[in-house]
Amino acid sequence: MIIIRKFQPPDFQWVIDIERKVFDEHDPYLYMQFYETYPETFLVAEINGIVVGYAAGFLASAGTGRIFSLAVHPAYRNRRVGGSLLKEIINIFLKMGAFEIILEVRSSNIKAKRFYERHGFCQSGIAEKYYLDAEDACLMKLELHRNN
Ligand SMILES: CC(C)(COP(=O)(O)OP(=O)(O)OC[C@H]1O[C@@H](n2cnc3c(N)ncnc32)[C@H](O)[C@@H]1OP(=O)(O)O)[C@@H](O)C(=O)NCCC(=O)NCCS
């Protein structure tokens, strides 16, 4: 069973281990700052007491939620962990009054783009050379409707 809950400080090492496996591009201490600044929109997914994924987002401006990072440990993919994290963070943003959610993915990350599209996101633009290695980012957006 997948449990989605708010990040707590003892989860830090799990989150950092997943981040290192998956991205290895964010400063680990950013995640503690995330917890201190945006505790409502920093979630983890737990299976049998193991943290297997996380989603970190924040309300970027009134009405606009931004997903900063969402990742699932490679050994736990394709079991709806990512989908459960995404659905929960979308719900939280809705409750916070957001009318849209934005995020970026590497343009080569076809799996993540397909994942977000399946959850209703559309491509809204390209940010050229967005990443440190000069890869473009694909900008994606979900328009939220309060009645669904
Ligand atoms: C993108 C990512 C978060 C998806 O996580 P996940 O836990 O595998 O997501 P889900 O299980 O909800 O969905 C993944 C796929 O499994 C399929 N799936 C899920 N449960 C399934 C089931 N019970 N039976 C069959 N297929 C299933 C889904 O249809 C989906 O298919 P898709 O490849 O066409 O999208 C994960 O691949 C990841 O961490 N990638 C690296 C980090 C990243 O790119 N993050 C996004 C940028 S911030």
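The points below are grouped by topic.

The model is predicted. The protein chain contains 4 helices and 7 strands, and the ligand takes up the space of the largest pocket.

**Overall fold**

- Along the sequence, the secondary structure of the protein chain is ordered β-α-α-β-β-β-α-β-α-β-β.
- The C-alpha trace of the protein chain spans about 40 × 35 × 30 Å along its principal axes.
- The protein chain has a radius of gyration of 15 Å, which agrees with the value near 15 Å that a compact globule of 148 residues would have.

**Shell around the ligand**

- There are 20 residues around the ligand, and those that come nearest are Leu 70, Val 72, Arg 80, Gly 82 and Asn 109.
- At least two shell residues come from each of strand E4 (64-72), helix H3 (81-95) and helix H4 (110-118).
- The element that gives the most to the shell is H4, with 6 residues.
- By residue class, the shell holds 10 nonpolar, 4 polar and 6 charged residues.

- A polar backbone atom of Asn 78 lies 2.8 Å from an oxygen atom of the ligand.
- In Arg 118, an N or O atom of the side chain is 3.1 Å from an oxygen atom of the ligand.
- For Arg 77, the distance between a polar side-chain atom and an oxygen atom of the ligand is 3.4 Å.

Note on methods:
Residues numbered from 1 in each chain as written. Predicted model: local features only at pLDDT ≥ 70, side-chain atom pairs only at ≥ 80, totals over all residues. Heavy atoms only, no water. Near = heavy atom within 4 Å. Polar contact = N/O pair within 3.5 Å; in protein donor to acceptor, adjacent residues only side chain to side chain. 1 Å grid on protein atoms, 1.4 Å probe; cavity = no way out; pocket = protein on both sides within 12 Å on 5 of 7 lines; lining within 4 Å. Sits in = over half its atoms within 2 Å of the grid points. Nonpolar A, V, L, I, M, F, W, Y, C, P; charged D, E, K, R; others polar. Rg over C-alpha atoms; globule rule 2.2 N^0.38 Å.
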